[in-house]
Amino acid sequence: MPAPGQPYLSGAMDATDPELFREVFGRFATGVAVITSAGSGGAGGMTANALCSLSLDPLLALVCFENRARTLPIVREAGRFAVNLLTAEQERLAGVFASKLPESEKLDGVAHRSEHGIPVIEGSLAWAACELEELIAGGDHTIAIGRVIAMGLGDGGPLLWYSGRYHALPPDSGP
Ligand SMILES: Cc1cc2nc3c(=O)[nH]c(=O)nc-3n(C[C@H](O)[C@H](O)[C@H](O)COP(=O)(O)O)c2cc1C
């Protein structure tokens, strides 16, 4: 990393620097989701932005879980998870689900319903409930591939994550 106040160079830099790696991928603007799940051990969830749609035939989505994330064993045991894409008005929820609050308390006071036994957060921008197809090791993360079994759309503008903080689109950005 360059010293504070020093600009980054556009050329190649130290390819072993984890802080630079964070900075590089922090420039990839994303939406923000909460991944929820519930099994015999209870319900839980975590804020995530390392996710994407993977396949149209069949419909598959992919989420990357840090191996230490407490939501991962819930997903592994339940064999199901939901992707809840957040609206800009749900920034507080992003904070709750990014925290280490006891897993059993994270959904307390959060309006949600059950879809195929998976908690789906009310008021989300969009959601997809998935049956877990595969878990793949990826360094200190685990890639979960889920087959979509239900999905839906809500209203509002997206909560965004860029350069280490939350953002919202300017008013009247559509759709
Ligand atoms: C904007 C944002 C995006 C995040 N994306 C991910 C992610 O994709 N995967 C992940 O494992 N953790 C991600 N995290 C960190 C988790 O939300 C955090 O470690 C959380 O405490 C995990 O909760 P759990 O231990 O209850 O599962 C993200 C945090 C924030 C604020």
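What follows is a dialogue on how to read some features of this predicted model.

Me: Where do I begin: how many helices and strands does the protein have?

Reply: Begin with the secondary structure. The protein has three helices and 12 strands. Its radius of gyration is 17 Å, close to the 16 Å that the globule rule gives for 175 residues, so the protein is as compact as a globular protein of that length. Along the principal axes, the C-alpha atoms fill a box of roughly 50 × 40 × 35 Å.

Me: What share of the contacts in the protein joins residues 24 or more positions apart?

Reply: Among contacts with a separation of 6 or more, such residues account for 65%. As for burial, 29% of the 175 residues are buried.

Me: Which strands does E2 pair with, and in which sense, parallel or antiparallel?

Reply: Look for the bridges on each side of the strand. E2 (residues 33-39) runs antiparallel to E3, and seven bridges join the two. E2 also pairs with E6 in the antiparallel sense, over four bridges. Gly 39 stands opposite Gly 42 in E3, and Thr 36 stands opposite Ala 82 in E6.

Me: Is E2 mostly covered or mostly open?

Reply: E2 is mostly covered, with six of its seven residues buried.

Me: How should I think about the side chains along a strand?

Reply: In a regular strand the side chains alternate between the two faces of the sheet. Apart from neighbours within four places in sequence, its contacts are Ala 48, Asn 49, Leu 51, Val 83, Asn 84, Leu 85 and Leu 86.

Me: Which residues have the most contacts inside the largest nonpolar core?

Reply: That core has 35 residues, and those with the most contacts inside it are Ala 33, Ile 35, Val 63, Ala 82, Val 83 and Leu 86.

Me: How many bridges join E6 to E9?

Reply: Strand E6 (residues 80-85) and strand E9 (residues 126-138) run antiparallel and are joined by six bridges. Phe 81 has Cys 130 in E9 as its bridge partner. E9 also pairs with E10 (residues 141-153), antiparallel, over 12 bridges. In that pairing Ile 136 stands opposite Ile 143. E9 and E10 form a hairpin with two residues between them, and Gly 139 in the turn has a positive phi of about 65 degrees.

Me: Which residue in the turn between E7 and E8 has a positive phi?

Reply: In the E7-E8 hairpin, which has two residues between the strands, His 116 has a positive phi of about 55 degrees. His 116 is a residue other than glycine. It is exposed, because 12 other C-beta atoms lie within 10 Å, and the limit for exposed is 12 or fewer. The strands on either side, E7 (residues 112-115) and E8 (residues 118-121), run antiparallel with four bridges. Glu 115 stands opposite Ile 118 in E8.

Ser 163 is not a glycine, yet has a positive phi of about 55 degrees. Its place is the loop between E11 and E12. Ser 163 counts as exposed because it has 10 C-beta neighbours inside 10 Å.

Me: In what order do the strands of the open sheet with E11 lie?

Reply: The order is E1-E11-E12, and the pairing is antiparallel. The edge strands, E1 (30-31) and E12 (165-168), each pair on one side only. Two bridges link E1 to E11 (residues 159-162), and Thr 30 stands opposite Trp 161.

Me: Where is the cis peptide bond that joins Asp 57 to a proline?

Reply: Read omega. The bond between Asp 57 and Pro 58 is cis, with omega at about 5 degrees. Pro 58 lies in the loop between E4 (51-56) and E5.

Me: Last, which residues come nearest to the ligand?

Reply: There are 18 residues around the ligand, and Met 46, Ala 48, Ala 50, Glu 66 and Thr 71 come nearest. By class, the shell has nine nonpolar, five polar and four charged residues. Strands E3 (42-48) and E5 (59-66) each supply at least two residues, and E3 gives the most, with four.

Conventions: Residues are numbered from 1 along each chain as its sequence is written. This is a predicted model: local features need pLDDT of at least 70, side-chain atom pairs count only at pLDDT 80 or more; totals for chains, interfaces and linings use all residues. A residue is near a molecule or strand if its C-beta atom, placed from the backbone, lies within 6 Å of it. Ala, Val, Leu, Ile, Met, Phe, Trp, Tyr, Cys and Pro count as nonpolar, Asp, Glu, Lys and Arg as charged, and the others, Gly among them, as polar. Two strands pair if DSSP finds at least two bridges between them. The radius of gyration is taken over C-alpha atoms; the globule rule is 2.2 Å times the number of residues to the power 0.38. A residue is buried if 20 or more other C-beta atoms lie within 10 Å of its own, exposed if 12 or fewer, and partly exposed in between; C-beta atoms are placed from the backbone. Two residues are in contact if their C-beta atoms, placed from the backbone, lie within 7 Å. A nonpolar core is a set of buried Ala, Val, Leu, Ile, Met, Phe, Trp, Tyr and Cys residues joined through C-beta atoms within 7 Å.
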